[in-house]
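Please read the notes below with the structure open beside them. They are arranged as numbered points.

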Amino acid sequence: MLNYQDFAKQVLPTLEQTIEQTMGQTVSHPTLKTAMQYSIGVGGKRLRPLLLLSTVASFGTLTKASYLPAAALELVHTYSLIHDDLPAMDNDDYRRGQLANHKKFGEAQAILAGDGLLTVAFEWLSRSEFDAAIRIKLVALLSQAAGPSQMVAGQYTDITTTGEKIDLTTLETMELQKTAALLQSAILMGATIAKVDAQQYEALTVFARNFGLAFQIADDISDFESGQDTAEKKATFATMLGLEAAKAYLTQTLTKAKTALNSISGPDLTLLDSYFEYFRQVR
């Protein structure tokens with residue numbers, strides 16, 4: 001089985017083609033489409049769709065049908081970044097080295113571009129070539145992860161506690177909602193497509209939750225080491241715990257994720273296991 005870097009080289013061209021073609025089929029307003037495509041096209045690791053596709057490949061056969069749900073997931077992630085950058089939220093002028101959507105097109109236009117990405121994502125899920133039960137489950141997983149019980153709730157906590165002192169439990173809950181939930185949904189959407197059994201699904205849930213949390217801890221550590229979060233006075237795992245304690249917490253969280261993944265017997269999980277390599281640079 002490939003590692004995730006080699007897997008990405010294989011699947012990303014088809015993913016990008018799926019996004020471009022389906023956007024052309026489902027978004028008719030030319031300037032709105034341009035604003036939506038702008039933020040989709042400014043780069044990024046495509047980690048969430050890669051996790052979905054990797055899970056399908058690990059537990060079943062990866063076919064072209066899986067790419068549309070993966071693309072929908074990336075649209076939801078991109079919408080969240082557009083809205084995060086807005087003046088009323090994080091007020092960032094740049095994203096991945098390029099002008100943020102609202103700086104490129106205007107604030108109102110950016111809000112609508114984000115709205116468009118969020119809503120059309122669910123249209124794409126409804127168009128996917130799976131039976132109704134799977135499509136309904138995919139819609140449920142993605143809407144729950146992106147909605148007011150998870151990502152939106154985490155974002156709300158983030159903006160309403162900025163500058164305040166919060167405890168570790170509040171921080172962890174916020175990051176599980178704001179960041180980990182969408183990463184978890186990627187893996188569980190893949191598990192749903194692959195029709196894993198109940199025990200495998202339970203183990204993947206634990207793996208995905210801890211992997212998602214570890215992703216945020218690692219991001220906090222990288223920002224702390226670059227001086228970004230200390231300058232912005234944000235509550236993060238690194239600013240709250242200190243650098244070495246945050247690295248230890250990252251190791252503990254990754255151990256939980258790896259233990260859950262290793263508890264699954266049967267399929268070759270080399271590909272999913274290779275995603276732990278992502279964290280080597282911050283440990």
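1. Which backbone oxygen lies 2.8 Å from a polar atom of the side chain of Thr253? The oxygen belongs to Tyr249. A polar contact is a pair of N or O atoms within 3.5 Å; within protein, one must be able to donate a hydrogen and the other to accept it, and residues adjacent in sequence count only if both atoms are side-chain atoms.

2. On provenance: this is a predicted model, in which local features need pLDDT of at least 70 and side-chain atom pairs count only at pLDDT 80 or more, while totals for chains, interfaces and linings use all residues. Residues are numbered from 1 along each chain as its sequence is written, and side-chain values use heavy atoms, with hydrogens and water left out.

3. Thr253 is part of helix H13, residues 243-262 (helices, H or I with at least four residues, and strands, E with at least two, are DSSP runs numbered from the N terminus). The relative accessible area of Thr253 is 4%, so Thr253 is buried (buried is under 20% relative accessible area, exposed over 50%, partly exposed in between, with a 1.4 Å probe and protein chains only). Setting aside neighbours within four places in sequence, Thr253 is in contact with Asn210, Leu213, Ala214 and Ile217 (contact means heavy atoms within 4.5 Å).

4. Leu261 also lies in H13 and is buried, at 2% relative accessible area. With neighbours within four places in sequence left aside, its contacts are Leu204, Phe207, Leu269, Leu272, Asp273 and Phe276. The C-alpha atoms of Leu261 and Lys137 are 22 Å apart, for a sequence separation of 124 residues.

5. The largest nonpolar core contains 89 residues, and Trp124, Leu204, Phe207 and Tyr275 have the most contacts inside it. Helix H9 (residues 168-194) supplies the largest share of this core, 14 residues. Such a core is a set of buried Ala, Val, Leu, Ile, Met, Phe, Trp, Tyr and Cys residues joined through side-chain atoms within 4.5 Å.

6. There are 10 aromatic pairs in the structure (rings of Phe, Tyr and Trp, the last by its six-membered ring, pair if their centres lie within 6.5 Å; planes under 30 degrees apart count as stacked, over 60 as edge-to-face and the rest as tilted). One of them is the stacked pair of Tyr4 and Tyr275, at 4.7 Å centre to centre and 20° between the planes. Tyr4 lies in helix H1 (residues 4-26) and Tyr275 in the segment after helix H14 (270-273), so this pair ties together parts that are 271 residues apart in sequence. Tyr4 is buried at 15% relative accessibility, and Tyr275 is buried at 1%.

7. Tyr278 and Phe279 make an edge-to-face pair, with 5.2 Å between centres and 90° between the planes. Tyr278 is partly exposed at 22%, whereas Phe279 is buried at 0%. Ring pairs join Tyr4, Phe207, Phe211, Phe215, Tyr275, Phe276, Tyr278 and Phe279 into a cluster. Apart from neighbours within four places in sequence, Tyr275 is in contact with Tyr4, Phe7, Leu47, Leu50, Leu51, Ser54 and Phe211.

8. Helix H3 (residues 47-59) has 13 residues and reaches 18 Å from its first C-alpha to its last, close to the 18 Å expected at 1.5 Å a residue; the expected span is 1.5 Å times one less than the number of residues. Of the 13 residues of H3, 13 are buried, so H3 is largely enclosed by the rest of the structure.

9. Two backbone angles deserve a check. Arg96, not a glycine, has a positive phi near 55°; Arg96 lies in the loop between strand E1 (94-95) and strand E2 (98-99) and is partly exposed at 35%. Lys195, also not a glycine, has a positive phi of about 60°; Lys195 sits in the loop between H9 and helix H10 (198-226) and is exposed at 61%.
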